[in-house]
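Please look at the sequence and the structure first, then read the points below.

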Amino acid sequence: LTVVGCDFRVASSAWRDAVLLDASARAVLLERLGRSAGAVGLVVLETCNRVEWLIEAPDPRWTADLARAAMQAQWRAAGMTGPLPTPYVAVEEDAVRHLARVVVGLESFVVGEREIAGQLNRAMDQARLGRQASAGLNALQTTLGRIVRAVERGTAFRAHTRGVHSLAVEAVGAAIDESGANAAAVGDAAAALVVVFGMGEIGRKTAALAARDPRLRVVCVNRSVDAAHAGSYRGLEALPALLADADALIVATGARSPVVDAAMVADRVPGRAHGRAPLFIVDLGAPAQVAPALQLRPDMRIVGLDDLLAAHVEHIDEALRVRVEALVEDAVAEARLVAHKRASAALLRAVWDGYDSLAWGALPELIDNVGAGLPEEARRALADGLREAFRAHCRSIVAAVEKR
């Protein structure tokens, strides 16, 4: 196993956005790594925190060098300026340990957030649908699923209210306080109007958390609205009119290019909406969902992922962290055992195939030739005894392999 990636500690959101891969680019990457390093599987994890490539290949260290060079080559091809970030690399057990820490939220910039487990699970499912998964990566998905469940059952580490969505709601609350547009009850027309655009997992969590704040009046918008949500969501066509009077906008769509541009806010008049201008926008997109030109408008105040990170101060109980890290090591041990069994599978099959051939092929022929004068009952007892001796010998080989 090889992991190559860049997270919020290595590169800003703009650099991370530049190495996002569409389906065809993922296929090309796996094909190239297959030719040069024998890679058999690729999972691409892309979130607001990180971009990581998970690769199964026979020589993980060589694969890591190639994949890191490929990531840096993509930055060059994208025209990024300045010193290139150095993607981090983890191989073999260190790669498993890293992914286990990622999936439980230890590596997130909001430690303990829950979204990452689902995001990695979906990335692995997507790899299977694209025929880019492998037996080793599939086995790893099972191991990572177990550690997530163990952390949820045995600790209070992972929380629905922790994540990038909670940072977004906190930022909006602070902006509302700063503007003086608070002191309103839920549903009151004087409450600050907050539009949440994008009803994926993060958008839904953001809207639900914001709705708990009595200062805020939340409206949910999605690009398309099915019959089940016709009464609770607004369609994309309603967004310009809502933004004309909104105090804040949180953008959480999964689009690959900006979806909030000048046309979306063309109806907005500075100073309108009870004097709550400028419009406070939180962009949670990866890549960014707000057109760069809006950054220049004086009636807009835009906060992105990098801004949220810079303002965030993490607090986590140290004893709880130690407990979760112990569970991470349990996951590493499980992955080690699974990998060992996979590596030994051919040997173990050969042992039992040899037993079958000897016990039910060569042995009856031997007894027929050597014990022809023995009574049938004695011949049967001899055959059964020898088969049991052969079986015990095979079991000892299997036990020795598994113990190692």
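A salt bridge is a side-chain nitrogen of Lys or Arg within 4 Å of a carboxyl oxygen of Asp or Glu. By this rule the count comes to 31 salt bridges. The model is predicted, so local features need pLDDT of at least 70 and side-chain atom pairs count only at pLDDT 80 or more, while totals for chains, interfaces and linings use all residues. Residues are numbered from 1 along each chain as its sequence is written, and side-chain values use heavy atoms, with hydrogens and water left out.

- Glu107 and Arg101 form a salt bridge, with 2.6 Å from N to O.
- Glu107 is buried at 11% relative accessibility; buried means under 20% relative accessible area, exposed over 50%, and partly exposed in between (1.4 Å probe, protein chains only).
- A network of salt bridges links Asp7, Arg9, Arg50, Glu52, Arg101, Glu107 and Glu325.

- Glu46 and Arg26 form a salt bridge whose closest N and O atoms are 3.2 Å apart.
- This pair links distant parts of the chain, 20 residues apart: Glu46 lies in strand β2 (residues 41-46) and Arg26 in helix α2 (residues 23-37).
- Helices (H or I, at least four residues) and strands (E, at least two) are DSSP runs, numbered from the N terminus.
- Glu46 is partly exposed at 21%, whereas Arg26 is buried at 9%.

**A pair within one helix**
- Arg97 and Asp94 meet in a salt bridge at 2.9 Å, N to O.
- Because Arg97 and Asp94 are three residues apart in helix α4 (residues 92-104), about one helical turn separates them.
- Arg97 is partly exposed at 24%, and Asp94 is partly exposed at 48%.
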